[in-house]
Amino acid sequence: MEIDPFVFRLSIFILSIFIGYYVVWSVTPSLHTPLMSVTNAISSVIIVGAIIAALAGNSVNIFDTANIFGFLAIILAAVNIFGGFLVTQRMLAMYKKKKKEK
Amino acid sequence: MSANLLAIFYLISGILFILALRGLSSPETSRKGNLFGIIGMAIAIGVTFLSVGNFSIGFLYVLVFLLIGGTLGAFIAYKIPMTAMPELVAGFHSLVGLAAVFVAISAFLNPEVFNLGSPGNIKIASLIEMSLGAAIGALTFTGSIIAFLKLRGIMSGSPITFVGQHYLNLALGLILLGLIFYLCKTQVDTWFWTIILISFLVGVLLIIPIGGADMPVVISMLNSYSGWAAAGIGFTLENSALIITGALVGSSGAILSYIMCKGMNRSFFNVILGGFGGTDQSFSEKGKEQKPVKNGNADDAAFLMKNASSVIIVPGYGMAVAQAQHALREMVDALKKNGVKVTYAIHPVAGRMPGHMNVLLAEANVPYDEVFELEEINNDFANCDVAYVIGANDVTNPVAKSDPQSPIYGMPILDVEKSKSVLFVKRSLSPGYAGIDNDLFYRDNTLMLFADAKKMTEDIIKSL
């Protein structure tokens, strides 16, 4: 009897929820805002699907309806990826330790 | 590139994303974590390009659109003021949601590309996954737009409720499930479009009854939804990077919502069902009796703090509104020169999103090891000379501990009242979002400083 590949994906999914649970509880509360912006950025890995969708089909008509939705999704996800990572970096750069008292 | 190799690369990006979140456990490791995240993303996009393989004209368009979006994103990231971070995050959530909807539509229209079957004959499992992804994505999109409008002040922060609201939401939810069932049975595309449209509506209906001050919960919740939407699409596309990320983001948002609810001592459902929050002016006006308050000015405050040996600063949303964080930091510098020990106390729900105050203080160059969370610092109030409350209110209200009738009863509060004297910077005596009077205003050891947070702080600096 063969196991449906779906079950493997479901396993990855469930295990990742557990990893997420433990990793996020260890995030220090002072970094909760950067946590939100970085999760925003990484969830935009959905761009992978958008790229495949945009380049799908024959090369005769690259602006088929399905492709157009792919292209639109690329723009949205790209805004998020660049915006999300950069704004996180900008925030994290501000967190500094106490300097030696003069 | 073989499908197996591709899957391994996606797994690597997934792991790098986990490390990105892991890095946030301390500010020192966080920057490296962010770098891991960027590398993970670059790998995911890079191998996707390689897997598609045909570097035709379409590929060029992909790059162009990627650049357009990227430039726009980078521009926003550099321009946005730190006080606008809650709106920005809400806005970004809406984009993830809409992107998920678009990818789902694409997969529905052109299922061959993703090996999901052919139009009109899509695998049942894939149909369920993509309609769930699209539905959650759609409600994340409209919900985040509403949250954005409320945070931006374009829409009033007060909750919008009407009779039968929750039944309507319940009915719509059931209709959605029914539609997904019919879609699987008939494969008729009308159902798919209807699912998306109804989900758009549900997103709006879910967020409008939630008041402005509950925004920390809303933002965290939408964060979580955007993750589940991504995971749904990940199942459709059989992409492990997307499944892993979706699960991470989903649980991250859920944990943040939980922390925020706990910070207000309210159940998640209580917040979602809404109706609380907003500024109910009529309620506060009528119960108003003139109780004496001690009214002070900047010189009094400066005198008190200069002669104190320890001061604890309690910032709240008012500080963000007045953009007083830089002035505050200057004031603290001046106090430190006088040998005063200064620390900051942050309540979990201070501000409009998790960690909001911390970011603002970090922006003003306040070292993070002077900033403490509620549990860490609450015992120190008893030994502190002055508590300087700037733009916070409900999170200091002792009524939360004493009066079981109060709407905020049981909420963990900062024990400001235990310090020798309390300075309250506030524009008026008006109650906070919970619509209740703060007992602390009328105590003998409280000095009210009626002014804009920034202006008052600047005045104090002058007289120091």
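Start your tour by selecting Gln187(B), which is buried, with a relative accessible area of 14% (buried means under 20% relative accessible area, exposed over 50%, and partly exposed in between, with a 1.4 Å probe and protein chains only). Before going on, note that this is a predicted model, in which local features need pLDDT of at least 70 and side-chain atom pairs count only at pLDDT 80 or more, while totals for chains, interfaces and linings use all residues. Residues are numbered from 1 along each chain as its sequence is written, chains are lettered from A and ligands numbered from 1 in the order in which they are written, and side-chain values use heavy atoms, leaving out hydrogens and water.

**Two loops in chain B**

Stay with Gln187(B) for a moment. You will find Gln187(B) in the loop between helix 6 (165–186) and helix 7 (189–207) of chain B (helices are DSSP runs of H or I with at least four residues, strands are runs of E with at least two, and both are numbered from the N terminus). What is the phi of Gln187(B) near? The value is near 60 degrees, which is positive, in a residue other than glycine. Most residues other than glycine have a negative phi.

Now select Asn115(B), in the loop between helix 4 (85–109) and strand 1 (117–118) of chain B. Asn115(B) is not a glycine, yet has a positive phi of about 55 degrees. Is Asn115(B) buried or exposed? With 58% relative accessibility, Asn115(B) counts as exposed.

**Inside helix 5 of chain B**

Next, go to Ser131(B), a residue of helix 5 (residues 124–152) in chain B. Ser131(B) has a relative accessible area of 0% and is therefore buried. To see what surrounds Ser131(B), show Ile180(B), Leu183(B), Phe192(B) and Ile195(B), its contacts once neighbours within four places in sequence are left aside (contact means heavy atoms within 4.5 Å).

**Chain A as a whole**

Zoom out and colour chain A by itself. Chain A has 4 helices and 0 strands, and its elements run α-α-α-α from the N terminus on. The C-alpha atoms fill a box of roughly 70 × 45 × 15 Å along the principal axes. Chain A has a radius of gyration of 20 Å, whereas a compact globule of 102 residues would have one near 13 Å (the radius is taken over C-alpha atoms, and the globule rule is 2.2 Å times the number of residues to the power 0.38). Of the 102 residues in chain A, 58% are buried. Take the contacts in chain A between residues at least 6 apart in sequence: 63% of them join residues at least 24 apart.

Pro34(A) and Met91(A) are 57 residues apart in sequence, but 6.8 Å apart in space, C-alpha to C-alpha. Pro34(A) counts as buried, at 0% relative accessibility. Its contacts beyond four places in sequence include Tyr95(A), along with Leu24(B) and Val359(B) from chain B.

Then select Asn358(B), in helix 15 (residues 356–363) of chain B. Asn358(B) is buried, with a relative accessible area of 5%. Not counting residues up to four places away in sequence, Asn358(B) touches Pro29(A), Ser30(A) and Tyr95(A), as well as Ile346(B), Val371(B) and Glu373(B).

**Where helices of the two chains meet**

Show helix 1 (residues 5–25) of chain A and helix 8 (residues 215–237) of chain B, which pack at an angle of about 160 degrees with their axes 11 Å apart (axes are lines fitted to C-alpha atoms, for helices over the stretch in contact, and angles run from 0 to 180 degrees between N-to-C directions). That angle makes helix 1 of chain A roughly antiparallel to helix 8 of chain B (under 35 degrees counts as roughly parallel, over 145 as roughly antiparallel, 65 to 115 as roughly perpendicular and the rest as oblique). Among the residues that meet here are Phe6(A) and Arg9(A) in helix 1 of chain A, and Trp228(B) and Phe235(B) in helix 8 of chain B.

Finish with helix 2 of chain A and helix 9 (residues 240–263) of chain B, packed at about 155 degrees with axes 10 Å apart. Helix 2 of chain A and helix 9 of chain B are therefore roughly antiparallel. Residues to pick out in this contact include Leu35(A) and Thr39(A) from helix 2 of chain A, with Val249(B) and Ser252(B) from helix 9 of chain B.
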